[in-house]
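My notes follow in the order I worked.

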Amino acid sequence: MCECCGGDHNSLNVLVLLGPPGGGKGTQAKKIVEEFGFGHFSTGDALREEVRNQTEIGRQAQAIMESGELVPDELLGAMVKNRVEQAAESQGIILDGYPRTVAQAEFLSSFTADMKVVAVNIAVDQDQIVKRLSGRRFCPKCGTIYNISFSPPAVEGICDKCGTELARRKDDYEEVIRERLRVYDQKTQPVVDFYGASGCYFEVNGNVPPEEVFTEVEKIVSSL
Ligand code: AP5
């Protein structure tokens, strides 16, 4: 029996990583994968790939993402269901950036009733967020994330791991960051409340350095 919600499931199938834009979900997800070997599905990364490939989904999503709004729920539903069902039974999966609306959370619940779904919320103060996001750079080749203030590469603008020139996301400029935070408060904070009421919910302090955040995340995941 599940220790957090009393449900009839034992091993972790789905780890929902919650937190504001720039809260460190991607950073922590990578560490969890390295340590525990789960699959990782970031809806933001998946959408950016659709945009790069100019698919039908990508064409619908591009302008919405660049303005800091959320894409329509139905654009992601089938993609998420597919990935969760494929990965959850074998190794388990981290959902990074999904669900972001209560309707998405209800959709996820509709096909995971037999699975152990646990939410971990990385709580970060808003004044930290703007600095983090406006300083974020990423490697377009290997995906490594840097921050010009908190975790810069050894050589400015160049990836330590593969030597590729680093890039900046179009939604990581101050005006769009402020819009993303507004949308988060309005649409995604209620998702935190949704999981808070479920029992299978944990919160960690995301205001400290990534390694310290991970120490807390690691304790939680090890206990599941
Ligand atoms: P998405 O890519 O998911 O963006 P996000 O949720 O806004 O999150 P981020 O990726 O910006 O941040 P993060 O929490 O992963 O932080 P990171 O680890 O990189 O979504 C983009 C867009 O896609 C959305 O706006 C929306 O349009 C659309 N979308 C996606 N999912 C959707 C959905 N479900 N429904 C509808 N639309 C959807 O860290 C950020 C920076 O901080 C880095 O520079 C990092 O080095 C640094 N950092 C991390 N941790 C720390 C720390 N502890 N201390 C100091 N610095 C740190």
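Helices (H or I, at least four residues) and strands (E, at least two) are DSSP runs, which I number from the N terminus. I note that this is a predicted model, where local features need pLDDT of at least 70, side-chain atom pairs count only at pLDDT 80 or more, and totals for chains, interfaces and linings use all residues. Residues are numbered from 1 along each chain as its sequence is written, and side-chain values use heavy atoms, with hydrogens and water left out.

**Entry 1: I177**

I looked up I177 and found it in helix 7. Is I177 buried or exposed? I177 counts as buried, at 0% relative accessibility. My cut-offs: buried is under 20% relative accessible area, exposed is over 50%, and partly exposed lies in between (1.4 Å probe, protein chains only). I then listed what I177 touches: V130, L133, S134, D171 and D172, leaving out residues up to four places away in sequence. Contact here means heavy atoms within 4.5 Å. I also checked I177 against G22: they are 155 residues apart in sequence, yet 9.1 Å apart in space, C-alpha to C-alpha.

**Entry 2: helix 5**

Which residues of helix 5 (residues 102–110) are buried? I found Q104, A105 and L108. Seen down the axis of helix 5, these buried residues fall within an arc of 100°, so they line one face of the helix. The arc is taken from the directions running from the helix axis to the C-beta atoms. I recalled the general rule: an α-helix has 3.6 residues a turn, so residues three or four places apart point the same way. The buried residues of helix 5 pack against strand 1 (14–18), helix 4 (77–88), strand 3 (93–96) and helix 7 (174–196).

**Entry 3: helix 2 on helix 3**

I took helix 2 (residues 43–52) and helix 3 (residues 56–67) next. They pack at an angle of about 115°, with axes 8 Å apart. Axes are lines fitted to C-alpha atoms, for helices over the stretch in contact, and angles run from 0 to 180 degrees between N-to-C directions. Helix 2 and helix 3 are therefore roughly perpendicular. I use these classes: under 35 degrees is roughly parallel, over 145 roughly antiparallel, 65 to 115 roughly perpendicular, and the rest oblique. From helix 2, G44, L47, R48, E50 and V51 meet I57, G58, A61, Q62 and M65 of helix 3. I sorted the residues of this contact into five nonpolar, three polar and two charged. Ala, Val, Leu, Ile, Met, Phe, Trp, Tyr, Cys and Pro count as nonpolar, Asp, Glu, Lys and Arg as charged, and the others, Gly among them, as polar.

**Entry 4: two backbone checks**

Q54 sits in the loop between helix 2 and helix 3. I saw that Q54 has a positive phi of about 50° although it is not a glycine. Q54 is partly exposed, with a relative accessible area of 35%. Then I went to P99, in the loop between strand 3 and helix 5. The peptide bond from Y98 to P99 is cis, with omega near 0°. For reference, most residues other than glycine have a negative phi, and most peptide bonds are trans.

**Entry 5: V208**

I found V208 in the loop between strand 7 (201–205) and helix 8 (210–222). V208 is partly exposed, at 27% relative accessible area. Leaving aside neighbours within four places in sequence, V208 is in contact with R132 and V213.
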